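Look over the sequence and the structure first, then read the points below.

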Amino acid sequence: MTSNTSPSLADALAAGTVVLDGGMSNQLESDGHDLGDELWSARLLAERPEAVTQAHLSYFRAGADVAITASYQATFEGFARRGIGHDDAARLLALSVDLAREAARQAEGAGVERPLWVAASVGPYGAMLADGSEYRGRYGLSVDELERFHRPRTEVLAAAAPDVLALETVPDADEGAALLRAVRGLGVPAWLSYTVDGRHTRAGQPLEEAFALAADMDEVIAVGVNCCAPQDVEPAVEIAARVTGKPVVVYPNSGESWDAEARAWRGRTSFGAAQVKTWRDAGAKLIGGCCRVGPEAIASIRQALGTD
């Protein structure tokens with residue numbers, strides 16, 4: 001948060017609607033940075049940290065209340081493949097939180113007076129593989145094995161004191177269970193967000209079962225979906241709210257589709273301000289965008305929600 005007198009994110013969600021940021025990668029690319037790398041935006045933590053701060057600042061100035069850190073693809077294993085040792089990898093993970101905090105300070109200096117929060121991104125196991133499996137799940141690993149993968153970096157990120165851990169783009173209820181185990185006892189709240197196909201996780205489990213895993217966990221302050229088609233949001237919001245009774249987080253993609261062979265986005269955006277009001281009315285309290293959703297769209301979300 002920007003000051004010790006600001007409310008917690010959980011309190012803010014109890015009081016009203018909170019605006020999330022948009023896609024980190026597309027904003028970095030818009031600023032001219034090449035992300036054609038297995039580490040994706042996490043590479044810039046080591047090479048151009050000031051670019052990460054600038055991307056966060058763009059979203060805060062557009063109207064986001066929450067910045068999601070550039071740690072989605074940042075793992076000890078991924079950094080090791082690039083010759084970055086454990087201690088330096090831990091430093092970069094913590095730096096991701098510091099850079100978002102610095103952007104909040106700069107936003108304050110530029111006249112932003114509302115509370116600002118930092119969410120430390122914890123991406124799925126498949127993001128480390130960099131082969132698209134984060135949209136399939138079913139890695140062939142047990143819940144215990146996935147917990148052992150996630151626990152070390154969740155500990156490092158929690159120690160950097162973000163306001164919340166964003167367990168995001170989770171394709172598989174088994175991985176959801178592993179992540180929930182990994183954050184238990186860390187002393188930092190979390191949200192759990194699945195990537196979905198209709199009313200199921202990408203791995204095919206019913207969302208009722210996937211969300212139920214978090215229903216009784218006090219550490220989890222919100223559940224929901226991200227990195228999915230806008231049309232998949234509304235039914236997921238209803239299920240998440242009904243099953244858990246918790247605030248719902250939603251941040252879908254623009255609606256364009258990714259052509260993996262051509263490495264390009266195809267089609268038109270189907271993300272609009274009218275949908276945002278529908279999601280809020282269905283129970284969503286934490287609303288933003290993911291891939292291909294930039295600062296202009298976040299500004300439109302804030303305007304549509306009337307949060308000023």
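**Overall picture**

Of the contacts in the protein with a separation of 6 or more, 76% join residues 24 or more positions apart; a contact means heavy atoms within 4.5 Å. This is a predicted model, where local features need pLDDT of at least 70, side-chain atom pairs count only at pLDDT 80 or more, and totals for chains, interfaces and linings use all residues. Residues are numbered from 1 along each chain as its sequence is written, and side-chain values use heavy atoms, with hydrogens and water left out.

**Make-up and surface**

- The protein has 13 helices and 12 strands; these are DSSP runs numbered from the N terminus, helices (H or I) of at least four residues and strands (E) of at least two.
- Of the 308 residues, 55% are buried, meaning under 20% relative accessible area with a 1.4 Å probe, protein chains only.

**Strand S5**

- S5 spans residues 190-194, and five of its five residues are buried.
- One side holds Ala-190, Leu-192 and Tyr-194; the other holds Trp-191 and Ser-193. Both faces are covered.

**Neighbours of S5**

- S4 (residues 164-170) pairs with S5 in the parallel sense over four bridges; pairing takes at least two DSSP bridges.
- Tyr-194 in S5 is the bridge partner of Val-170.
- S8 (residues 220-226) and S5 also pair in the parallel sense, over five bridges. There, Tyr-194 stands opposite Val-225.
- S4, helix H9 (residues 173-183) and S5 form a right-handed β-α-β unit: with the strands pointing away from the viewer, the path from the first strand over the helix to the second runs clockwise.

Key: Buried < 20%, exposed > 50% of the residue type's maximum accessible area, 1.4 Å probe, protein only.
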